[in-house]
Amino acid sequence: MAQSQGWVRRYAKAFCKGFFVAVPVAVTFLDRVACVARVEGASMQPSLNPGGSQSSDVVLLNHWKVRNFEVQRGDIVSLV
């Protein structure tokens, strides 16, 4: 019984360490580098979501390009 409690305690400790390291790294990455978004509806047709309102496309929003003013003609820009 004591061995099973020690295993659970080690597992919980390792999980907490990993959690408290992974969450800030993930939040920083999604805020500063890139994030994933879904395009739904007819607003971007026919380039994105050509099948109509029943389907959706997944896009990668690159924050570095906008931050460095490297936007070119033909790029799709997302505004919040």
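**View 1. The lining of the largest pocket, sorted by residue class.** Twelve nonpolar, four polar and five charged residues make up the lining of the largest pocket. Here Ala, Val, Leu, Ile, Met, Phe, Trp, Tyr, Cys and Pro count as nonpolar, Asp, Glu, Lys and Arg as charged, and the others, Gly among them, as polar. This is a predicted model, in which local features need pLDDT of at least 70 and side-chain atom pairs count only at pLDDT 80 or more, while totals for chains, interfaces and linings use all residues. Residues are numbered from 1 along each chain as its sequence is written, and side-chain values use heavy atoms, with hydrogens and water left out.

**View 2. The largest pocket and its centre.** The volume of the largest pocket is about 570 Å³. Of the 21 residues that line this pocket, L61, N62, I76, V77 and S78 are the closest to its centre. β1 (34–39), β2 (57–62) and α2 (63–67) each give at least two residues to the lining. A pocket is an open set of points on a 1 Å grid over the protein atoms alone, where a 1.4 Å probe fits and protein lies on both sides within 12 Å along at least five of seven lines; lining residues have an atom within 4 Å of a point. Grid points are joined across faces, edges and corners, and the volume is the space filled by probe spheres set on the points.

**View 3. The chain as a whole.** Let's step back for a moment. The chain has two helices and two strands, and from the N terminus on they run α-β-β-α. Helices (H or I, at least four residues) and strands (E, at least two) are DSSP runs, numbered from the N terminus. How many of the 80 residues count as buried? The share is 8%, where buried means under 20% relative accessible area, exposed over 50%, and partly exposed in between (1.4 Å probe, protein chains only).

View 4. The structure holds three aromatic pairs. One of them joins W7 and Y11, which are stacked at 5.9 Å centre to centre with 15 degrees between the planes. Rings of Phe, Tyr and Trp (its six-membered ring) pair if their centres lie within 6.5 Å; planes under 30 degrees apart count as stacked, over 60 as edge-to-face and the rest as tilted. W7 and Y11 are separated by about one helical turn because they are four residues apart in helix α1 (residues 2–32). W7 is exposed at 52% relative accessible area, and Y11 is exposed at 55%.

View 5. The rings of F15 and F19 are stacked, at 6.0 Å centre to centre and 25 degrees between the planes. These two residues are four apart in helix α1, so about one helical turn separates them. F19 is partly exposed, at 41% relative accessibility. Together with F20, F15 and F19 form one aromatic cluster.

**View 6. K65 in helix α2.** K65 is found in helix α2 and is partly exposed, at 38% relative accessibility. Leaving aside residues up to four places away in sequence, K65 touches E70 and V71, with contact meaning heavy atoms within 4.5 Å. V33 is 32 residues from K65 along the chain, and their C-alpha atoms are separated by 9.2 Å.
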